[in-house]
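Visitor: I am new to this structure and would like to learn how to read it. Could we go through it one feature at a time?

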Amino acid sequence: VYKRQQLSPDGTQVLFVKSTPDWEENRTISHIFRVDTDGSGMVQLTYGKEGQSSPRWSPDGLHVAFTASRGDDEGNQVYLLSAGGGEARRLTAHETSVGNIAWSPDGRFLYFLASDPLSDEEEKKREVRDDVFAFDENFKQAHLWKVDVEGGEETRITEGDFTVAQYSVSRDGEMVAHMRAPSPLFGQFQDAEVWVMAADGAGAIQLTSDTVPQYNPQLSPDNNWVMFTADSNEEGDFYYNDKIFLVPAGGGDATVLLPDLPHEVPGANWSSDGEAVVFLANTGVRQDLFLADVDTREVTQLTSGDHSLGSVTYNPLNNRVAFGVQDRTNAGDLWVMEVEAGARPTRVTQI
C-alpha cells in the first residue's frame with residue numbers, strides 16, 4: 001500500500017512508503033524505499049519495527065527527511081537520512097509529536113506542524129490522574145514550526161487560539177499559504193479559512209470567510225494568487241463537487257477556475273510556470289489527471305482508462321508527476337509521466 005511518494009528534484013528517482021502486515025502484532029509497518037523512474041535500482045532505506053512515514057527529498061537531492069517514533073521520542077520526530085542510505089539521525093526533539101513536514105526551498109530548514117504541549121498544571125494533574133475532561137475538550141491547538149537543518153534549533157512560526165490544519169511554502173520560500181481552523185477537532189475543519197503570511201509568520205492575511213470546507217491552499221509561482229479546492233459553488237453554497245478556486249494573495253474575491261467542469265477535483269497543483277493547473281478529477285468510477293490553462297480555461301485530459309489514480313505528487317522542477325494507479329487487478333503500483341498533452345505514463349514498480 002502506497003501512502004505517499006515523491007519524485008527526486010532531478011526527476012530520476014522516486015521515494016515511496018510501502019506498508020506490510022505484522023500478523024503477530026496485528027498492525028502494519030511502513031518503510032521507505034527508493035527506486036529509479038525506469039523501475040530499476042529499488043532500495044529499502046529504513047528498517048526496524050517502529051515504521052517510518054512522510055519521506056521528503058532535500059532540494060539538492062542528497063538527503064531524505066522523514067518522521068518516525070523511536071526509543072524515547074515524544075511521538076513522531078523528524079529524522080534525516082542520506083539519500084544513498086545509512087543510519088538516520090534525529091533532527092527534532094520536540095515536546096509533542098510532529099507531522100506534515102516540508103523543506104524550505106533553500107534546504108536550510110524543515111517546516112512541521114505540532115500540537116501545543118500540556119501546561120505544568122495539566123502535567124501535574126495527569127501524573128496524579130486528576131485529569132477528567134468533558135468529551136472533545138482536551139484538545140491542544142496545532143501550530144507551524146521550523147527547524148534548522150544544520151544546528152537543530154527550532155523556531156515557532158504561528159501562535160494563537162487556532163489550529164494550522166494545512167500549509168504550503170511558496171516556491172521562493174518567502175510566503176506560506178495555510179488553513180486556520182478554530183480547533184483541531186474534526187467537526188471544526190468546516191470552519192477553517194485560507195490565510196497567507198510571510199515565512200516568518202508576519203503580515204498574516206485572511207483570504208476567505210465562509211462556512212464551507214476548503215483544502216490545500218497553494219501560492220502561485222509569482223506569489224500573486226492562492227489556489228485551493230472547496231466543495232461549494234461560487235456563491236459559497238455547501239455540498240457541491242469540489243472545485244478549484246483562485247483568490248488574490250493580497251485579498252479579494254475567490255472565483256472558480258473551471259465553473260463548467262462537471263467533475264469533482266480532489267487535488268490540484270500549479271504548473272512550473274504558473275500558467276496552468278495540474279489536477280486530479282473524479283469522473284464517476286474513475287480518477288484521471290487533467291491540465292487546465294489558467295487564462296483560456298481550456299482543459300486537456302492527460303490520462304484515461306479503467307482505473308483510479310491517487311496519491312498524486314507533482315514536481316515543478318522537471319514538470320513530472322508521480323501517482324498510484326488502482327485497477328481491477330492491482331491495488332496501486334507507482335507510475336510517472338511528463339505533464340504535457342500526448343505524454344504516456346511509465347510504470348515504476350511491480351509490487
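Guide: Note at the outset that this is a predicted model. A lining can be read by the classes of its residues, and in the largest pocket these are 24 nonpolar, 17 polar and 3 charged.

Visitor: How much space lies in the largest pocket?

Guide: The largest pocket holds about 1600 Å³ of space. Its lining consists of 44 residues, and those closest to the centre are Arg-4, Gln-6, Ser-168, Asn-269 and Tyr-314.

Visitor: Which strands each supply at least two residues of that lining?

Guide: Several do, among them β1 (2-7), β13 (163-169), β21 (264-270), β22 (276-282) and β25 (308-315). The greatest contribution is from β25, with 6 residues.

Visitor: In what sense do β21 and β22 pair?

Guide: To read a pairing, look at its sense and its bridges. β21 and β22 are antiparallel, with 5 bridges. Asn-269 has Val-278 of β22 opposite. There are 5 residues between the strands of this hairpin, where Gly-274 has a positive phi near 80°.

Visitor: What should I know about side chains along a strand?

Guide: In a regular strand, side chains alternate between the two faces of the sheet.

Visitor: What is the volume of the second largest pocket, and which residues lie nearest its centre?

Guide: The volume of the second largest pocket is about 600 Å³. Its lining has 20 residues, with Leu-118, Glu-122, Arg-126, Asn-138 and Lys-140 nearest the centre. By class, 11 of the lining residues are charged, 5 nonpolar and 4 polar. Helix α1 (residues 120-127) supplies the largest share, 4 residues.

Visitor: What does the side chain of Thr-208 make a polar contact with?

Guide: One partner is the side chain of Glu-193, at 2.6 Å. The Thr-208 side chain also reaches the backbone nitrogen of Val-194, at 2.9 Å. Leaving aside residues up to four places away in sequence, Thr-208 touches Glu-193, Val-194, Gln-214 and Phe-228.

Technical notes
Residues are numbered from 1 along each chain as its sequence is written. This is a predicted model: local features need pLDDT of at least 70, side-chain atom pairs count only at pLDDT 80 or more; totals for chains, interfaces and linings use all residues. Side-chain values use heavy atoms; hydrogens and water are left out. On a 1 Å grid over the protein atoms alone, a cavity is a set of points where a 1.4 Å probe fits but cannot get out, and a pocket is an open set with protein on both sides within 12 Å along at least five of seven lines; lining residues have an atom within 4 Å of a point. Grid points are joined across faces, edges and corners, and a volume is the space filled by probe spheres set on the points. Ala, Val, Leu, Ile, Met, Phe, Trp, Tyr, Cys and Pro count as nonpolar, Asp, Glu, Lys and Arg as charged, and the others, Gly among them, as polar. Two strands pair if DSSP finds at least two bridges between them. A polar contact is a pair of N or O atoms within 3.5 Å; within protein, one must be able to donate a hydrogen and the other to accept it, and residues adjacent in sequence count only if both atoms are side-chain atoms. Contact means heavy atoms within 4.5 Å.
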